[in-house]
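Have the structure open while you read.

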Amino acid sequence: MEKSAMPTPPLSPRAALLSNHSFRWLISGGMISMLGDQFTLIALPWLVLRLSSDPLALGIVLALLGIPRAVFILLGGAIVDRYSPKRVMMLTKYINTTLLGLLSAILLSGELQLWMVYGFALGLGISTAFSIPAGTSMLPHVVEPAQFPIANSIMLSLRQLTMFAGPVLAGLMISLMASSKQFPVTDSYGLAAAFLTDCLSYAISAWTLRQVVTRNLSKPPHDDKQTRHLLHQVWDGLRFCWELKELRICFLYWSAIAFFIMGPMQLAMPLLATQLNNSAGTLGLLSGAHGAGTLLGMLISGIRPGMRLGNLGRTLLLIDLVVGLLFMPLGLIHHSWQAMLLLVLIASLGGYLQVAVFTWIQTQVPPQMMGRAMSMFMFIFLGIGPVSSALTGWLMRSLSLPQLFLLCGGILIVIVFIAFAASPIRHISEHQKGTA
């Protein structure tokens, strides 16, 4: 008598996710693109500081990256929902490949001027206003909802790995590839190589994205909203985020943090590097320390995902309070290792919450609204922050760097106490759906 075949044991959730070919193409291309982005994030502010020693010029470049995001990112979310995240991402990758290739060529020609850098920053800012909501909305089109937590953990951890390795590699590249004296911009060879690295990463990730097969998500029955003007769809997204009480409160809280903390931080990091060692390598090490800390926090979150101070809201407020205290002494240090240690501590605390917060937002929002909701979330950090950086650049004409860090850390502590006393954030749990 023949024995019956043994049933195949079901795959673990992580193994089932990694067996998804489209998810593997998505994370591989995303990792390449994110690694390349770190080269531009180091090279662009360093290029500005080489062209001009005025902090206001750096603030203007950061604002030109951020203002278009602030203006167009909500429209980008509506376009993503109307068409598809994949189509929008493909187009923006082609645009960024072209812009970074042109920037590298003009830099190597020796003809680059500050006003040209402003133009390239503006172009990259407009492009990212559409690529960000597309990228953050892509996951539900590739994996099942039950796989969101694991998929988010993998993708965000890979992102932080690139944020650790990328800045260090970019800083070393710029520092080691010394420019010939014929170039008016110091470090021209290294800066051009950094921009070309990001250019190549966009070209490769565009090819990998073409291999991704998206799921057919069910949509609500057809009505006139499907053919409404894009601006009306943007309004629908804003109204949805506003009417969901928990989402509204958190978005307002994060907006305050983005304006008073994240924006000044974008300007303060390059200035801190010039104060410590005046080297692109130092800036890379500082940014790498921040990326390493965030990755460490995410790993701890993966090991102990349920570790909370009561609930998600209370944990978020406590972490921000500690971050404010650690932020204040950053401007008073005199050695790179001290700055790196503080940045690792600050980033590890923030990284611990990122996976939970990202997954919580995805559970609050239906698929047909995901592009607009995620564009609103990303607008807060990538739109408001750089606008604040421009104002910080102006303030730095009358403030010292230690005063800036003390001021921002103190403001964050005040925001946390106000949120704890006057908002329902402390009651938010990741296990409950939002209420209108």
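## Ground rules

Helices here are DSSP runs of H or I with at least four residues, numbered from the N terminus. This is a predicted model, so to speak: local features need pLDDT of at least 70, side-chain atom pairs count only at pLDDT 80 or more, and totals for chains, interfaces and linings use all residues. Residues are numbered from 1 along each chain as its sequence is written, and side-chain values use heavy atoms, with hydrogens and water left out.

## Helix α2

Arg-50 lies in helix α2 (residues 21-51). With 29% relative accessibility, Arg-50 is classed as partly exposed (between buried, under 20% relative accessible area, and exposed, over 50%, using a 1.4 Å probe and protein chains only). Its C-alpha atom is 9.5 Å from that of Ser-188, 138 residues apart along the chain.

## Aromatic pairs

There are five aromatic pairs (ring centres within 6.5 Å, using the six-membered ring for Trp; planes under 30 degrees apart are stacked, over 60 edge-to-face, the rest tilted). Trp-25 and Trp-207 make an edge-to-face one, at 5.4 Å centre to centre and 85° between the planes. Trp-25 is partly exposed at 31%, and Trp-207 is partly exposed at 48%.

## Charges over rings

Arg-248 has its charged end over the ring of Trp-242, 5.1 Å from the centre (the cut-offs: NZ of Lys or CZ of Arg within 6 Å of the ring centre and within 35 degrees of the ring normal). Likewise, the charged end of Arg-426 sits over the Phe-420 ring, 5.3 Å from its centre.

Notes:
Helix = DSSP H or I, 4+ residues; strand = E, 2+ residues; numbered from the N terminus.
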